[in-house]
Amino acid sequence: MQVKFTINYKTLIGQVLKIVGNIPQLGNNDVEKAPQMFPVDGINGDWDFSIDLPEAKIKSFKYKYIVEDLNHKARFFEWGNERSLNLSKLTLEKILIQDTWKDAHDVENTFHSSAFSEILFNRPKSKNNRSKEISNSTLNLLFNLSNFRVDKNHCIAITGSIKELGEWDTSNVLFLDEIDFPIWTTQVAIKKTSKPIFYKYCIIDKKSKKIITIESEERKISYKSTPDAVILNDQNFVYPTGNWKGSGVAIPVFSLRSKNGHGVGEFLDIKLLVDWALKTGMKLIQILPINDTVATHTWQDSYPYAAISVFALHPIYLNLKAIGNLSSKITQEIIDVQKTLLNELEKVDYDAVMKIKSRFYKQIYDEQRDDFLKSTEFKKFFKENSEWLVPYAAFSYLRDLFGTPDFSKWGRFSKISQQTLNELTDPNSSHFDDIAVHYFIQYHLHIQLLDAANYARKKGIVLKGDIPIGIFRHSVDAWMEPHLYNMHSQAGAPPDDFSEEGQNWRFPTYNWAEMQKDGYKWWQNRMKKMSNYFDAFRIDHILGFFRIWEIPETQIQGLLGYFNPSIPIYKNEFYEKCINFDFFRFCTPYIREHMLGQIFGDLAGEIKTHFLESSEYGKYYLKEDFNTQQKIEKHIDISESDSPEERAKKQFIRNGLFRLVTEVLFLPYPHSDQETFVPRHSLYKTYSYNELGHEDQRKVMELYNDYYFNRNEEYWKNEALVKLPAVKEATNMLICGEDLGMIPKCVPSVMNDLGILSLEIQRMPKDSNIEFTHPNDFPYLSVATPSSHDTSTIRGWWEEDSSRSQRFYNNILGKWGNSPYFCEPWLVKDIINQHIFSPSMWVIFPIQDLLGMDENLRFLWAKEERINNPANPKHYWRYRLHINLEDLIKEDEFNNMLKNMLEESGRVSNY
């Protein structure tokens, strides 16, 4: 049997096309041995390659195309999984395969994710199979078209230039089977001919048989020597309606409000949100992280990005009644709690809710213990999840036993071995119930979230989760596998619109080199667990896969960080620029007499006495006890018992001393075996920089700009192309990246190549030369939103700065005259409409912004609707929707208005 591969791909000078597969003729999956294809037509980009296969020995094989750049010694594969060829029914002498190149930049690649393939474009399994016997005496045409976007009432057919394809008669088309959806297939036998054959695909209404749409350009089958069969693997059906677009709503689970709640949103409330989404035509629900964050048993655990386990779910989201089989006594107690005012509170009272729920969990576990531990369902759950569940339960037990999540204070348990873990969780131990209660809670959380997720899937709604970039320092993950993290460093973000001092999340950074050793198993397990519940997810701070902003553990503010990994500045580079490098002058805090009066005012004398040493007249350095921000924070303890005046003074002094610590131009780079440095971010704002000579300032800024905007680009790109594919391959979920902040130039192309959607926020343009981005300029592969959990809402933002709102009103909304002081409903609607009509694949709106379009449904105080303030590391996450979901579902006038807006923009149809 001879198999001939043909494909069209226009290479550049120095590039060749290769084919690799899992058979000897195609290199046995070794790209170094992959055969080179032959150019048939250099102008049009046609390539072919033939192989001979021994009869009956090879029934099937897989293969893939590669472009190899001989000039740059680089190669890249076509997008997607390997192609498969089944030869078991093709007992022929000559087979021609006509493939279509799978472009990594094809926007429809995202349709292969479960969000589309299993929910939005999901179709009932077809039983039709029109395959026929293959004959040696005829020319057998086997058509395969990859296509997701077909309405359930429609199907795909083919029409063409030959009699067997209807001779272009659209009333006599050949229908394709969808038994292998999204691959549509059919075959036809014709008389052997040397003439080219032309054809088009079309979409047909199943009932009326009328054509809905037909391709404008003809496809062609041609060959020099007539084969026995032609296998056509086609793609790229062009839709006259343009790109698919959808919409969604964003709200944290804790913010949901229902009539039968316990003062906080719960997993089962998601089902009510699904019902509301269906009423409005939205296709997606986005939530914040839902992992367990219980570290201190106080409101400070409300921060959803500081999980004590990346696998365990938060106990606060469990619905008590839905646990089932409750005694009448406990049932009545739950009813009595619901009659209290807890559920009527405007905001979440985290402490009160957790205190009440924790008491019930223990009571219910005690009642159901024996039956639960024996149940088949629990044993199955335990078997599938024990790898993370057992350490999590042990961690939670020890956290409560020692009164702290800081495992360094747990004595002999500060470092855990498998033997010690087994002893801790032994079912025969006296404390086993304190372990098993966590199994009980996690099992029921899993059941309830899975119930909500499957309800959403059944209704055609995509549930989108959120993955924090970091892990909590005092977490079970750090306890069990500390080698995977840089425990002496902190992750954060450089200065930006959120914070002039940068952000310090206090999470350890990842030790990527260690993670790579087992193929990023920790990340892959994390993705697989998430895919139980979600079909799309947001990667928080995706820039961390390129490089993370790392802050030494001795410092508090993000200003004193650096990018890891990065290519630092070597000492000889200073001399090459004729900079007289002085470590003391450039790398230690620059403190002069005149600065102290400007920073501390009347307190300057007190500061000099207590915190500084004088090196020579007018020059100072920090005493050893105060030479890091960590030492200063520990010394100047701000207590809730302090009077307002004391608190204000301490804060003033502490901030001033923090500033002195940041008065450096360069920081030693710790990840190099040579003496290397990185420029301190925003160094041009320091006294140290501004008191250099003009020529030295120019040279220092050259090094600064080179480090932050030039030298690392290719390095960071390669880093991301190693890590992100490993994460992506572990799941079939749709991936969206939060790519805000200081964005390397390589980020958009990498995300595009990997089919990862970007995040676009109108008031946070990625072009630093403009104040606002117009939604018309958003890319297709993106999620557009007017605001997020880290920003104020549309209304809150509008009322923060009237001069800024005026510019937006005139320049972006195109309105004349003075802007209204308050963001009235019609204004909110105009802004939302701009987003709805943007090119973005998805528009996702915080629910507060949607309700802002209605005078009667909007909350009275816009500032109170903000979920988080990133500039405040101790922010209390407690926003609650002010309307019960049951009542929102009944707001027909508002729901219909929103649905009409989405319909007019083409964001309601699945296809």
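This is a predicted model: local features need pLDDT of at least 70, side-chain atom pairs count only at pLDDT 80 or more; totals for chains, interfaces and linings use all residues.
Biologist: How is a pair of packed helices described?

Modeller: Two packed helices are described by the angle between their axes and the distance between the axes. Take helix H4 (residues 350–374) and helix H5 (residues 376–402): their axes come within 5 Å and cross at roughly 65°. H4 and H5 are therefore roughly perpendicular to each other.

Biologist: Which residues make the contact of H4 with H5?

Modeller: From H4, the contact is made by Phe-372, Leu-373 and Lys-374; from H5, by Thr-376, Phe-378 and Lys-379. Sorted by class, this contact of H4 with H5 has three nonpolar, one polar and two charged residues.

Biologist: At what angle do the axes of H4 and helix H7 cross?

Modeller: The axes of H4 and H7 (residues 432–458) cross at roughly 90° and come within 10 Å. That angle makes H4 roughly perpendicular to H7. On the H4 side, the residues in contact include Tyr-361, Tyr-365, Phe-372 and Leu-373; on the H7 side, they include Phe-432, Ala-436, Phe-440 and His-444. By class, the contact of H4 with H7 has twelve nonpolar, two polar and three charged residues.

Biologist: Next, the span of a helix. How many residues has helix H19, and what should they span?

Modeller: Helix H19 (residues 713–728) has 16 residues, which at 1.5 Å a residue should span 22 Å. The end C-alpha atoms of H19 are 22 Å apart, which agrees. Helix H16 (residues 644–661), with 18 residues, reaches 26 Å from its first C-alpha to its last, close to the 26 Å expected.

Biologist: Which residues of H19 are buried, and what covers them?

Modeller: The buried residues of H19 are Glu-713, Trp-716, Ala-720, Lys-723, Leu-724, Pro-725, Ala-726 and Val-727. Their cover includes helix H9 (512–517), helix H10 (521–530), strand S23 (536–539), strand S25 (562–564), helix H18 (694–709) and helix H20 (747–753).

Biologist: What do the buried residues of H16 pack against?

Modeller: In H16, the buried residues are Ile-653, Arg-654, Gly-656, Leu-657, Phe-658, Leu-660 and Val-661. They pack against several elements, among them helix H13 (593–600), helix H14 (604–611), strand S28 (612–616) and helix H15 (629–635).

Biologist: Now a single residue. Is Gln-629 buried or exposed?

Modeller: Gln-629 lies in helix H15. Its relative accessibility is 0%, so Gln-629 counts as buried. Leaving aside neighbours within four places in sequence, Gln-629 is in contact with residues including Thr-554, Leu-560, Phe-658 and Val-661. Phe-658 and Val-661 are also among the buried residues of H16.

Biologist: Where does Asn-868 lie?

Modeller: Asn-868 lies in the loop between helix H24 (847–851) and helix H25 (885–889). Asn-868 counts as buried because its relative accessibility is 6%, and the cut-off for buried is under 20%. The side chain of Asn-868 makes a polar contact with the side chain of Asp-790 at 2.6 Å. Beyond its neighbours within four places in sequence, Asn-868 is in contact with His-789, Asp-790, Thr-791, His-875 and Trp-877.

Biologist: Why does Asp-887 count as partly exposed?

Modeller: Asp-887, placed in helix H25, has 30% relative accessibility and therefore counts as partly exposed. Its side chain makes a polar contact with the side chain of Lys-259 at 3.4 Å.

Biologist: How far apart are Asp-887 and Pro-779 in sequence and in space?

Modeller: Asp-887 and Pro-779 are 108 residues apart in sequence and, C-alpha to C-alpha, 36 Å apart in space.

How values were computed: Residues are numbered from 1 along each chain as its sequence is written. Side-chain values use heavy atoms; hydrogens and water are left out. Helices (H or I, at least four residues) and strands (E, at least two) are DSSP runs, numbered from the N terminus. The expected span of a helix is 1.5 Å times one less than its number of residues. Buried means under 20% relative accessible area, exposed over 50%, partly exposed in between (1.4 Å probe, protein chains only). Contact means heavy atoms within 4.5 Å. Axes are lines fitted to C-alpha atoms, for helices over the stretch in contact, and angles run from 0 to 180 degrees between N-to-C directions. Angles under 35 degrees count as roughly parallel, over 145 as roughly antiparallel, 65 to 115 as roughly perpendicular and the rest as oblique. Ala, Val, Leu, Ile, Met, Phe, Trp, Tyr, Cys and Pro count as nonpolar, Asp, Glu, Lys and Arg as charged, and the others, Gly among them, as polar. A polar contact is a pair of N or O atoms within 3.5 Å; within protein, one must be able to donate a hydrogen and the other to accept it, and residues adjacent in sequence count only if both atoms are side-chain atoms.
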